[in-house]
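Good morning, and thank you for coming. Please look at the sequence and the structure on the screen while I take you through a few of its features.

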Amino acid sequence: MATTTTTIGGKNLLVGIVVFFTLLSMTLGQEVETSGRFPLVVSTWPFLEAVRAAWRAVDGGFSAVDAVVEGCSTCEVLRCDGTVGPGGSPDENGETTIDALVMDGATMEVGAVAAMRYVKDGIRAARLVMQHTEHTMLVGEQASIFAISMGLAGPTNLSSTESLEKWMKWKKNDCQPNFRKHVLPLDSCGPYHPKGTVDLIRNKCLMANQVETITRRSDHVGIDNHDTISMAVIDKMGHIAVGTSTNGATFKIPGRVGDGPIAGSSSYADNEVGACGATGDGDIMMRFLPCYQVVESMRLGMEPELAAKDAILRIARKYPNFVGAIFAVNKHGVHAGACHGWTFQYSVRSPEMDDVEVFTVLP
Ligand code: SD4
């Protein structure tokens, strides 16, 4: 009995040891596989240098938040596509202002600056808001004063020769196109005033019946004017962060804030699920919080591709002419993109790649 017990015990022990090591190797195998996918950097558009900068930071052991800041900051310095950072998207007065956001998916902390003037370092200002205040967003000149008081360079003139030339050409063209509606004068520069109470009431009725905005075309956002970097980083610890930096929409009305600094719109992250980044017509997209939707859809089990497509489709159903795009990445590093109205490209850098790879998504 004793022998049998011992034998059985020995067999159990042996089986136990085999099972233990099998499980251990499976677990290790999974971990290797998982950590083989991390760190990971995903960004809107082929902003290669920005992705490389974020990659260097995160591969060197920096946190996801710091890598996002490095990446987006590189784009601000390089003025990716001419217009991230200073020197692009002049508003009606010819001034460049900056929208930026950073979000830590481990703590759900967010820091953002909106319509920030005179300070070129949007993403660093956003991080200062996140790390040194209890707030989430600071705006306009007060954001600039805060950023400068916390050590960023400024006040700086954010215009460039190109942005001023563009603006003067626009002025000569009777300030067309612009973002005004239901105003007079229609086809020349302001000052503008409402077109009339009666017209406004009639338009309100129209809107109720047929969604007036359905006819709006995102013609101010195009292939030469996709000026937003939205970036997601998963660091070696599996922590996720996102960031966005943009100077918004060309010839915007002074004071306009786009989707860039809105958490859940231009980007969103949650360590438990994954992340999302967006680009496009922010005036439309911020009405739908597409990145919040993407992350919540993935939380419910949707694959990144379907989650991204679904969020884009929800906007397109109301605004068939809108232009925009999204990337989604889950916490396992699976990524996908979806777009509407233009061809979208997003960039990825992971350990199995030798350099940044660009993925193209057709509408
Ligand atoms: C904005 N979403 O401020 C930005 C602009 C953009 O591609 O992404 N353009 O509306």
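Predicted model: local features only at pLDDT ≥ 70, side-chain atom pairs only at ≥ 80, totals over all residues.

Beyond its neighbours within four places in sequence, T228 is in contact (heavy atoms within 4.5 Å) with T44, W45, F47, T244, S245, T246, A278 and T279. Residues are numbered from 1 along each chain as its sequence is written, and side-chain values use heavy atoms, with hydrogens and water left out.

Where does T228 lie? T228 sits in the loop between α7 (197–210) and β7 (229–234); helices (H or I, at least four residues) and strands (E, at least two) are DSSP runs, numbered from the N terminus. With a relative accessible area of 7%, T228 is buried, a term meaning under 20% relative accessible area with a 1.4 Å probe, protein chains only. An unreviewed UniProt entry places the feature "active site" at T228; UniProt positions are in the numbering used here, feature names are shortened, and annotations may be inferred rather than shown by experiment.

I turn now to helix α3, residues 64–78. How many of its 15 residues are buried? Eleven are, so α3 is mostly covered. Among them are A64, V65, G71, C72 and E76. The buried residues of α3 pack against α2 (48–59), β2 (98–104), α4 (122–132), β7 and β8 (240–246). After α3 comes R79, whose phi is positive, near 50°.

Note on methods. Buried < 20%, exposed > 50% of the residue type's maximum accessible area, 1.4 Å probe, protein only. Expected span 1.5 Å × (residues − 1).
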